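Reader: I would like a close look at one side chain and then at what surrounds it. Please keep to what the model shows.

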Amino acid sequence: MKNTFRSSILSGIAVAIAGWGYLAYKDIIGAVLFSFGLLTVVNYKLKLYTGTAGFIPLRDDAGRSCWFKAIGELLFILLGNIVGCLLVSLLLRMSPLELGESAQGILESRLAIGPLRAGLLAIGCGFIMTTVVTFAREGKPLTLLFGVPLFINCGFPHCLADAFYYLSVPLSYTTEHWAEVAMLYPCLVIGNFIGCNLYRFIAPSVK
């Protein structure tokens with residue numbers, strides 16, 4: 001458990017640094033730079049929520065459901081990922097680059113469409129994540145350079161990238177809208193989970 005949590009924190013740090021690069025550019029270059037996060041996670045076999053959700057066993061060797069165990073492990077990984085994002089967000093506040101406003105713009109766009117729509121859009125990100133991680137595990141990491149910019153430019157929320165953005169928003173804004181964020185974020189987590197498991201839910205023989 002200790003190693004899993006450490007791996008999760010490091011994974012969150014990698015994604016957050018990639019998110020920092022995206023905030024600095026906010027265009028196709030930033031979207032490609034964001035691929036650094038997932039390339040790091042896959043190369044070092046780190047624990048990332050969206051890189052694990054589509055692969056974690058939902059049944060044991062005897063065929064019995066182990067959903068509660070799987071969800072518990074995923075939430076544990078998610079917690080470590082968020083800790084990693086928090087550490088980088090604290091560092092970002094020391095940067096001379098004024099990226100907090102860019103992060104606020106992302107949060108505002110999520111709040112504008114509401115939790116339900118944002119959660120549904122997050123399904124698209126989860127589907128892409130499981131697809132590119134599957135290819136990367138088969139020795140085809142170039143797919144990451146297409147998949148990551150794709151979900152960013154489609155506006156599909158990634159719950160860990162968003163965690164970093166939300167933690168980087170000026171505190172005055174976060175304090176004012178904390179209740180809305182508290183409703184929004186779980187929808188992104190659930191949406192990503194559904195998307196990560198679309199293969200298993202719809203056509204398990206494909207993957």
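Which backbone oxygen lies 2.8 Å from a polar atom of the side chain of threonine 40?

Author: It is the backbone oxygen of phenylalanine 36, which lies 2.8 Å from a polar atom of the threonine 40 side chain; this is a polar contact (N or O atoms within 3.5 Å, one able to donate a hydrogen and the other to accept it, and residues adjacent in sequence counted only if both atoms are side-chain atoms). The model is predicted, with local features needing pLDDT of at least 70 and side-chain atom pairs pLDDT 80 or more, while totals for chains, interfaces and linings use all residues. Numbering starts from 1 along each chain as written, and side-chain values use heavy atoms, without hydrogens or water.

Threonine 40 belongs to helix 3 (helices are DSSP runs of H or I, at least four residues, numbered from the N terminus). With a relative accessible area of 16%, threonine 40 is buried (under 20%; exposed is over 50% and partly exposed in between, with a 1.4 Å probe and protein chains only). Not counting residues up to four places away in sequence, threonine 40 touches Ala14 and Leu46 (heavy atoms within 4.5 Å).

Serine 89 sits in helix 5, residues 67-92, and its side chain reaches the backbone oxygen of leucine 86 at 2.7 Å. Its relative accessibility is 0%, so serine 89 counts as buried. Apart from neighbours within four places in sequence, serine 89 is in contact with Phe164, Leu167 and Ser168.

Tyrosine 165, leaving aside neighbours within four places in sequence, is in contact with Gly19, Tyr22, Leu23, Phe34, Ala103 and Ile106.

Helix 6 (residues 100-137) also packs on helix 7 (residues 143-154): their axes come within 9 Å and cross at roughly 175 degrees. The two helices are therefore roughly antiparallel to each other (an angle over 145 degrees). On the helix 6 side, Cys125, Ile128, Met129, Val132, Phe135 and Ala136 make the contact, and on the helix 7 side Thr143, Leu144, Gly147, Leu150 and Phe151. Nine of these contact residues are nonpolar, two are polar and none is charged.

Glutamate 108 is another residue of helix 6. Its relative accessible area is 36%, so glutamate 108 is partly exposed. Between the C-alpha atoms of glutamate 108 and valine 181 the distance is 9.9 Å, although 73 residues separate them in sequence.

Two lysines in loops remain. Lysine 26, in the loop between helix 1 and helix 2 (28-33), has a positive phi near 55 degrees without being a glycine. Lysine 26 is partly exposed at 37% relative accessibility. Lysine 45 lies in the loop between helix 3 and helix 4 (49-52), with a positive phi of about 55 degrees although it is not a glycine. With a relative accessible area of 70%, lysine 45 is exposed. Most residues other than glycine have a negative phi.

Technical notes:
Axes fitted to C-alpha atoms, helices over the stretch in contact; angles between N-to-C directions. Parallel < 35°, antiparallel > 145°, perpendicular 65-115°, else oblique. Nonpolar A, V, L, I, M, F, W, Y, C, P; charged D, E, K, R; others polar.
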